[in-house]
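The sequence and structure are shown first.

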Amino acid sequence: MMRSGRNAGRAWGRALVGTVLCLATGAMAETRLPSPLTLSDALVFADDEHPAVAQGRAGVLRGEAERLAAESANDLAVGIRLNARWVDPNERAPDQGNNDSQAILRLSKPLYDFGRSSNARAAAETALRGQQEQHLSLVARQRMEIMRRYFDVLMADLAYARDNEAMAIAFIAFDRAQNRNELGQVSDIDLYALQERFQESRLRRLATLQETRSARNRLALALNRPDQVPSDLINPALPGNDRALPEVEELYALAEAGNRRLASLRLEAEAASQRIAARRADRRPVLSLEAEAAHYERVLGSRDPLAAGLVLDIPLYSGGRVDAGVAREQANLYDVQARLRQHELDLRQAVLETWLEIQRLRTQRDHARATADYRDLYLDRSRALYELEVATDLGDAMTQQSAAMLFTAQTEFELALAWERLALLTGQPDFSAVHASHAQGTP
């Protein structure tokens, strides 16, 4: 009885906590996005509110429910049976009354089942830990998705600046050609060529302008704030991009030990093994304590008001039911082991590809910086020649400088995402470029 009360208390407590969490979630849903928005602010929203993460939270709740069910399998069971009966008594019965109503209070408590419940509880505990690992993996993935969408917005803005500049330059060239065409200094075919170039740049500018809106909407969806499309974003500092890259063999070892998806599959396999042991224990006896207190309207010699005893239930033959249950759990174990092995292979390849990508992006960053330096100097020279009224390609130089800025930013962002992917694969948050910036006090 006391244990049953404790279980009820725990269930009530969990229900209360769940209600508080729901209220807190509802309050967070009203939280407005900061403006301007920083990457650190955005990453705060990688939580259970988003559907991609809520699925993992639901798995944890299912695991918790299964654990509670396994823990309560051998709890004390108390029941009462009320039976209103009218009988025509045998003529030899000592009590010739017709009212044979009965009230029986029954108590039953399994004492020992030779491993059945203990293995079931262990399986439920292990499966719950696996769901928790899976949930944390989904949080990390959503964090990376927010980073990707945040960077998409910044790159869309730079692309728009480049194409807007190119369109303005094309328009100026076309407008000047119109005036010169009226004076007979520019042929119609050259004028139409400049017009076609202007219209093409105008269309490209419209496409990138629309992408700035679309990218912001994708970020709002990743933040689970579809009605709060962010407008102003701050370009993040990413000093973590400059950290030393470990050797790939060291990364293999870190991934083997820290990858959350891998840990989840290992726990799932362990739980499957424990369920097999629980199913095999169905062949074993169950020792229980049973007691009852009864009230009978008719008093007969064979009826006892109180009774208690130990009951040993020994299964002698169960057909193929136990074998079928064991076979089903064995098949589940084989499936998990296959997925586990496949994930180990995929993880190793993903770590290698990310390691190689970081090396490539670092070389690309050197290229991007050299290009940006060159375009800055080239623009300065073009501007000086323009001021001296010497024929120059100032417009093209400005466009090329904007393109170089976009290429540099894109490289930095891709490098930060590669480090974030490495943090996800290895389970090492210190690999995150954003984590590194926090450690160094960079906003």
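## Helix α4 and helix α7

In this predicted model, helix α4 packs with helix α7 (residues 260-280) at an angle of about 165°, and their axes are 8 Å apart. Angles over 145 degrees count as roughly antiparallel, so α4 is roughly antiparallel to α7.

The two helices, α4 and α7, cross in a left-handed manner. The contact of α4 with α7 comprises ten nonpolar, seven polar and seven charged residues.

## Helix α4 and helix α5

Helix α4 covers residues 116-182, and helix α5 covers residues 188-222. The axes of α4 and α5 come within 7 Å and cross at roughly 160°. The helices α4 and α5 are therefore roughly antiparallel to each other.

The crossing in which α4 passes α5 is left-handed. Sorted by class, the residues in the contact of α4 with α5 are 20 nonpolar, 14 charged and eight polar.

## Residue S402

S402 belongs to helix α9, which spans residues 394-426. Is S402 buried or exposed? The relative accessible area of S402 is 10%; because buried means under 20%, S402 is classed as buried.

When residues up to four places away in sequence are not counted, S402 touches R162 and E165.

Notes
Residues are numbered from 1 along each chain as its sequence is written. This is a predicted model: local features need pLDDT of at least 70, side-chain atom pairs count only at pLDDT 80 or more; totals for chains, interfaces and linings use all residues. Side-chain values use heavy atoms; hydrogens and water are left out. Axes are lines fitted to C-alpha atoms, for helices over the stretch in contact, and angles run from 0 to 180 degrees between N-to-C directions. Helices (H or I, at least four residues) and strands (E, at least two) are DSSP runs, numbered from the N terminus. Angles under 35 degrees count as roughly parallel, over 145 as roughly antiparallel, 65 to 115 as roughly perpendicular and the rest as oblique. A crossing is left-handed if the near helix is turned anticlockwise from the far one by less than a right angle, and right-handed if clockwise. Ala, Val, Leu, Ile, Met, Phe, Trp, Tyr, Cys and Pro count as nonpolar, Asp, Glu, Lys and Arg as charged, and the others, Gly among them, as polar. Buried means under 20% relative accessible area, exposed over 50%, partly exposed in between (1.4 Å probe, protein chains only). Contact means heavy atoms within 4.5 Å.
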